[in-house]
Amino acid sequence: MKNLFALFTRNQSLIYKVFLYIISTVLVIYLLPKGGQFKYDFQKGKPYQDENLYAPFNFTIKKDKAAIDQEIEAIRSNSTPYFELNSNKAKEAKQDFNTLFENAFVDSLYRTKKRVAKEIGLNIINSVYETGVIDETYSFEKDKLIYLKNGNEVSETVFSKLIPKAKISEIISRRISTNAAPDIASLMQQLLNRSIVANVTYDARLTESSVALEIEAINPNRGIIEKGARIIAKGEVVEGDKYQILNSLQDKYRSEVFSKNNYWGILGYSMLVSLVFVMLFLFLKKYRAEIYSHNTKVSFIFFNIIFMVFITTMVVKYDATYVYVIPLCILPIILKSFFDARLGLFVHVLTLLLLGFIVPNSFEFLFLQIIAGIVTILTVSELYKRANLFISVGQITLIYIIGYFAFYIIQEGNIELIEWKNFAYFVLCGLITLFAFPLIYIYEKIFGLVSEVSLLELSNTNSSLLKELSNKAPGTFHHSLNVANLSEAAANEIGANSMLVRVAALYHDIGKIVNASNFTENQLNSVNVLDELAPKESAKIIIDHVIKGVEIARKNKLPERVIDFIRTHHGTSLVYYFYKKEEQLHGVANEDDFRYPGPKPFSKETAILMMADSVEAASKSLKEPTSTKIDAFVENIINKQMEQGQFINANVTFKEIEIIKKVLKKKLNNIYHLRVEYPE
């Protein structure tokens, strides 16, 4: 058991990667469409390139979307609307009229005249309710056939027989003026208007249900192709019926193949998806070893791939016409921001290979997305400059539009039927791509990574931590600025991350905030308090600035990538001055008491900072500096670091070290250049 635990501990990083690999493969296979892949390639408007194609089995020809939409539109326009009749409204209207009539004509009329007037009113009520009174005005034609539902009974009638409530007053006025005495006509009209209410209402729910049933009953097929019948010959143009028949065969083939060979289909998908992820692991291990060894970074890359596959799957399931709204170019933008352009493009292409199983017209989709991804990598730079992302998104959108337009005219041969609204999808895609900014911030918080945008914020010398360093340790702050300039220039020459190394240089000595006067660059006179202490104590104070720097950095929530520079900027070197002093005093000195805890630099950037820091600090001790002296001491310091094996873990070459030396010499010569004396 103990041996098993030890084995697990030694290989936990590899075990985690295997687990991540399996989970990612399973998730992607789950998201992929459950259908077989059609083995014949065809594109609308282009010649069929394969051999003559014969039907492998009987299948039905599917109607295209336009034909089905036309049938649906015909059903909706010819559908018979349902209206609901409330027969109780007529009885209620008579009761209301009787009550109002009796109250209005108590003694003002003779009995005979009163009876006649009442009969006239009831007759009018009966006549208007004979077919029904409708509550609103509808746009149906007068001769439109409608269904009138009265309880469980449904009868047919014509829409024009229904009397709109707005016309009731006119009908009442006409009939009263003909039959009733003039002295009571006005009052009778008021009573009838108050009594008569609508008793017919439009039943939208029942009408829509009826339409839905008719639409559901539409036959999606328009013919049958018998097994063995020739579908298309080699060289024939894929258009019209040929195109629709090929589409129908493709749909049938996918459903038939996968339903009969379910396990084989899953095995095929598993092999292809596994192959994609194996390629990613091999690329990381061979060309990005630092990322490969960092489980969080590997998880971040896999998360983004699966996230893009998930979003694309959801959009395609909802409506494949919106597939170009998906901002896939966010992926290379984010990966370039956190890592580098080469990795961003490689992951983007691998992701598109997976999406080729999902999207329709996969060749067109892959071509456009790969071109857009290349443009993204070439144009998106210095994201901390806000205008750059807007300019790049505009260029990406333009590439999408040009590419889509080119594919359309190749397939259709003209632009007469082009749907210009499709170009709006690319504009919308560009606008969504701008979401990369907040997404970068979210990823930084979740995965603890650092982007160029965050580095720019950290490089601001007005930040609270750098201001504190400037106030408490002004000499150290000035030294940090010089080291930042030297490091940035060296990083630019060898293609390292200049922004990262500059920011790290600004913060590498923040541990000196504590007891700043113990360090010579912050002392106002020639008295060094460390000379009064024992060499071991003095060395401990010097060494502790690294440990305290890490503590201060964590307290102020600096990124781990910056903290790594604080740890490594002295590597495992000796505090040589006090080591020699101890040796002089006691004849012997223990190196462990005077050695920095490390670790050694492990990247080009950390190696650059170590060189620049040592050279800049040592340059202060030069008396009457000349070009020869500067060149000699730069060579001496960096060669000693190499002899001590300080760069053994850093992926920096001898050639790059020579370039760094050259840059540091040039910069220091510029700093210590003596001006000519001007005459008084």
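Start by selecting Lys 557, which lies in the loop between α23 and α24 (560–568). This is a predicted model, so treat each stop as a feature of the prediction. Colour Lys 557 by accessibility: it is exposed, with a relative accessible area of 76%. Now look at the backbone here, where phi is near 60°, a positive value in a residue other than glycine.

Next, go to Asn 515, in the loop between α22 (498–507) and α23. Its phi is near 55°, again positive in a non-glycine residue. Is Asn 515 buried, partly exposed or exposed? Asn 515 counts as partly exposed, at 45% relative accessibility.

**Helix α23 and its partner**

Now show helix α23 (residues 535–555) together with helix α25 (residues 576–586). Their axes are 9 Å apart, and the helices pack at an angle of about 170°. How do the two run relative to each other? An angle over 145° counts as roughly antiparallel, and α23 and α25 are therefore roughly antiparallel to each other.

To see the contact itself, display side chains on both helices. From α23, pick Pro 535, Lys 536, Ser 538, Ala 539 and Ile 542; from α25, the residues they meet are Phe 578, Lys 581, Glu 582 and Leu 585.

What does Ser 538 touch, leaving aside residues up to four places away in sequence? Its contacts are Leu 530, Leu 533 and Phe 578.

**A cis peptide bond**

Move on to the loop between α25 and α26 (604–619), where you will find Pro 599. Select Gly 598 as well: the peptide bond from Gly 598 to Pro 599 is cis, with omega near 5°.

**Aromatic rings**

Now show the rings of Phe, Tyr and Trp. How many aromatic pairs does the structure hold? There are 32 of them. One to zoom in on is the tilted pair of Tyr 324 and Phe 426, with 5.2 Å centre to centre and 55° between the planes. This pair links distant parts of the chain: Tyr 324 is in the loop between α12 (295–318) and α13 (330–338), while Phe 426 is in helix α17 (residues 421–433), 102 residues apart. Both Tyr 324 and Phe 426 are buried.

For a group of rings, select Phe 300, Phe 303, Phe 307, Phe 338, Phe 339, Tyr 443 and Phe 447, which form one aromatic cluster.

**Charges over rings**

Two further selections bring a charged side chain together with a tyrosine. In the pair Lys 17 and Tyr 292, the charged end of Lys 17 sits over the ring, 4.7 Å from its centre. In the pair Arg 342 and Tyr 287, the arginine lies over the face of the tyrosine, at 4.5 Å from the ring centre.

**Zooming out**

Finish with the whole protein chain in cartoon view. Its secondary structure comes to 28 helices and 10 strands.

Technical notes. Residues are numbered from 1 along each chain as its sequence is written. This is a predicted model: local features need pLDDT of at least 70, side-chain atom pairs count only at pLDDT 80 or more; totals for chains, interfaces and linings use all residues. Side-chain values use heavy atoms; hydrogens and water are left out. Rings of Phe, Tyr and Trp (its six-membered ring) pair if their centres lie within 6.5 Å; planes under 30 degrees apart count as stacked, over 60 as edge-to-face and the rest as tilted. Helices (H or I, at least four residues) and strands (E, at least two) are DSSP runs, numbered from the N terminus. Buried means under 20% relative accessible area, exposed over 50%, partly exposed in between (1.4 Å probe, protein chains only). A charge sits over a ring if NZ of Lys or CZ of Arg is within 6 Å of the ring centre and within 35 degrees of the ring normal. Axes are lines fitted to C-alpha atoms, for helices over the stretch in contact, and angles run from 0 to 180 degrees between N-to-C directions. Angles under 35 degrees count as roughly parallel, over 145 as roughly antiparallel, 65 to 115 as roughly perpendicular and the rest as oblique. Contact means heavy atoms within 4.5 Å.
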